[in-house]
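Please look over the sequence and the structure shown here before reading on. The briefing that follows goes through the model topic by topic.

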There are 2 protein chains.
Amino acid sequence: MKKHNFSAGPSILPQEVILKSSQAVLDFNNEGLSILEISHRSKGFIDVMEQARALVLELMGLEGKGYKALFLQGGASTQFLMVAMNLLEKRAGYLNTGAWSAKAIKEAKKLDDIYEVASSKDANFNYIPKSYDIPEDYDYFHCTSNNTIFGTQIKSFPNSPIPMVCDMSSDIFSRDIDFSKFGIIYAGAQKNMGPAGATLVVVKEEILGKVSRNIPSIMDYKIHIDNGSMYNTPPVFSVYTSMLTLEWLKNLGGIKGIEKLNEDKARLMYSEIDLNPLFKGFAAKEDRSIMNATFTLENENLKETFETMLKEAGISGVNGHRSVGGYRASMYNALPIESVKALVEVMSELESKA
Amino acid sequence: MKKHNFSAGPSILPQEVILKSSQAVLDFNNEGLSILEISHRSKGFIDVMEQARALVLELMGLEGKGYKALFLQGGASTQFLMVAMNLLEKRAGYLNTGAWSAKAIKEAKKLDDIYEVASSKDANFNYIPKSYDIPEDYDYFHCTSNNTIFGTQIKSFPNSPIPMVCDMSSDIFSRDIDFSKFGIIYAGAQKNMGPAGATLVVVKEEILGKVSRNIPSIMDYKIHIDNGSMYNTPPVFSVYTSMLTLEWLKNLGGIKGIEKLNEDKARLMYSEIDLNPLFKGFAAKEDRSIMNATFTLENENLKETFETMLKEAGISGVNGHRSVGGYRASMYNALPIESVKALVEVMSELESKA
């Protein structure tokens, strides 16, 4: 039986993508070779890379607007460093909305001066700060669009007077926003886009080339752009599978199409959390993430029963992060609403039992 | 028809590894989830990571000798920077044996002073320099064990008075050497170990912690060691497939077992190059790589005929690198001797036609 996979990442991928990926491991494009053993300089793979990069800009509505899409390695944790190396000359402003924002700040601080424009640490990051100023004379402003651990999400992005950099690892391609507001968008693939091992970076070219630092080649966005995202051997399989997921998304109606489905799933999930007296949501209502719903079971005595019921229903990956406790339902793009229905049913059944 | 895959990397993998990998994309360990959608913190994957790291040390004979194996991201190109960040305080010595050595030198120079202990650039890198001194008061000595582009290989490593760092990307696990001579060994997975996207680093722990630099977390070997190679989300699928390849190698008799097979393949290949008057080897005989044989076709008029014959025989990936021209037969661990026989047969047939 296929499980209901609520894993926070790496996480569920569309079943058709999994089938095609598995087939390409056996034989890619009927070329008589596995996708794992072809050269990244072969025509077959160059086409994959170009198609993946083009789909990113097309889905984001960024074609012809001066942006380039790159598929790199090392995850958001590498981007924390790379962003600062490419953009930080004197001082940057960071919005601190959780564990990942804090890590981004920590790494940038190793290079130069960082200012926290606002933080929600005072309430264990259960909300998104809203009134803050972004100083005009800073190099850039950095934020995290969605906080996987805490289940919060920025609903309205500021109009930043300086380049806005956003870690969208956990909600990229999930909702329709104006991507042209950003100077750099980055995201590990392993939530909404593909398997672990690829990292998407979308860069507005005009913001580069303004620091005096001698940037190491592997950290230099310009070098990756000039080399068509092939400066070094790319993570071939992860890029291929990401391309398949982007094609799947396009066929579903793109970001607008998936946003509707994601909203339906989130509405169903949060209704149950709010209406069922056994559970309590963690995040402030207006900042609730449509990707990760965090909630606790009020009566600890029911824990064992609840978890046995989850297991019996084939529900996997709903344990909360240790910083919050309780449960977390990650409802990424590929999660079908049937899985949310299955979870809600178990929650509701628990109520009738209690 | 399955091709004879002489690709320089990403390159051929054992057929049984490909079959198991493809199956795990559909369902990993009968868990009802794809290897692409499980959490890297799940017991199933933690076991894979631990098994892969243990196999590396076991195969290299480094168990209990103070070494740790890591599976990171970013390839050798990232290690060029990471090695220098972790070890370079004042000055390091580098042996320049080709394009990749030169890149390693270039990146380290961005951080501090680098001295080329020797170079074979004078002869387009067709040999390995042999008499050079490694200064005792430098931080470390860096070399490249095998030069994919030029087809040369270090046959005897120096006794370095300072930590020896080696880029073994293109011949790791192919021959029996004393790995305990090295302070750091690194290698992109995509030649002898697995698909692109994972990078193996083997570090002798005692050489770390000696620089005053504030190392960025993602670049810090110590942080990766302390986190069991899970500081950030690892490239799950590439690590899994690497583990399968390491298991395959162990079952073949480990490094000693594969070395014998690799020597047989290389002997067959170089005999044909030396005996067939139409072809000429590029690398100095005593420095010839058992992984990558580089050679040229003396009579340009036969080029088209030769390449048509290669294609008809299902031989793929033998085009030489632009720096050398001609042809390159990469004979990595997983290439069966039958593929070398097929190539040699075409070369010999060309001779009888000419």
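F173(A) is buried, with a relative accessible area of 2%, where buried means under 20% relative accessible area, exposed means over 50%, and partly exposed lies in between (1.4 Å probe, protein chains only). This is a predicted model, in which local features need pLDDT of at least 70 and side-chain atom pairs count only at pLDDT 80 or more, while totals for chains, interfaces and linings use all residues. Residues are numbered from 1 along each chain as its sequence is written, chains are lettered from A and ligands numbered from 1 in the order in which they are written, and side-chain values use heavy atoms, with hydrogens and water left out.

- F173(A) is found in the loop between strand 8 (164-167) and strand 9 (184-188) of chain A, where helices (H or I, at least four residues) and strands (E, at least two) are DSSP runs numbered from the N terminus.
- The phi of F173(A) is near 60°, a positive value in a residue other than glycine.
- Most residues other than glycine have a negative phi, and most peptide bonds are trans.
- S229(A), in the loop between helix 5 (221-226) and helix 6 of chain A, has a phi near 65°, again a positive value in a residue other than glycine, and S229(A) is buried with a relative accessible area of 3%.
- In chain A, a cis peptide bond with omega of about -10° joins G9(A) and P10(A), and P10(A) sits in the loop between strand 1 (4-5) and helix 1 of chain A.
- In chain B, a cis peptide bond joins G9(B) and P10(B), with omega of about -5°, and P10(B) sits in the loop between strand 1 (4-5) and helix 1 (15-26) of chain B.

**Where chain A meets chain B**

- The contact, meaning heavy atoms within 4.5 Å, takes 55 residues from chain A and 55 residues from chain B.
- About 4300 Å² is buried between chain A and chain B, and carbon and sulfur atoms give 57% of that area; buried area is the accessible area (1.4 Å probe) that two parts lose on being put together, summed over both.
- L36(A), E37(A) and K110(A) supply 15% of the area that chain A buries against chain B, which is more than any other three residues.
- Between chain A and chain B there are 0 salt bridges, a salt bridge being a side-chain nitrogen of Lys or Arg within 4 Å of a carboxyl oxygen of Asp or Glu.
- On the side of chain A that touches chain B, the elements giving two or more residues are helix 1 (15-26), helix 3 (75-87), helix 4 (99-109) and helix 6 (236-251) of chain A, and helix 1 of chain A gives the most, with 6 residues.

**Helix 8 of chain B**

- In helix 8 (residues 303-312) of chain B, the buried residues are F306(B), M309(B) and L310(B).
- Seen down the axis of helix 8 of chain B, these buried residues fall within an arc of 105°, so they line one face of the helix, the arc being that of the directions from the helix axis to the C-beta atoms.
- The face of helix 8 of chain B turned away from the buried side carries the exposed residues E304(B), K311(B) and E312(B).
- Among the elements that cover the buried residues of helix 8 of chain B are strand 12 (292-297) and helix 9 (337-353) of chain B.

**Salt bridges**

- Over all chains, the structure holds 35 salt bridges.
- E205(A) forms a salt bridge with K68(A), and the closest N and O atoms are 3.0 Å apart.
- E205(A) lies in the loop between strand 10 (199-204) and helix 5 of chain A and K68(A) in strand 2 (residues 67-72) of chain A, so the pair ties together parts that are 137 residues apart in sequence.
- K260(A) and D264(A) meet in a salt bridge (2.9 Å, N to O), and both lie in helix 7 (residues 254-275) of chain A, 4 residues apart, about one turn of the helix.
- K285(B) and D274(B) also meet in a salt bridge (3.8 Å, N to O), in which K285(B) counts as exposed at 57% relative accessibility, whereas D274(B) counts as partly exposed at 38%.
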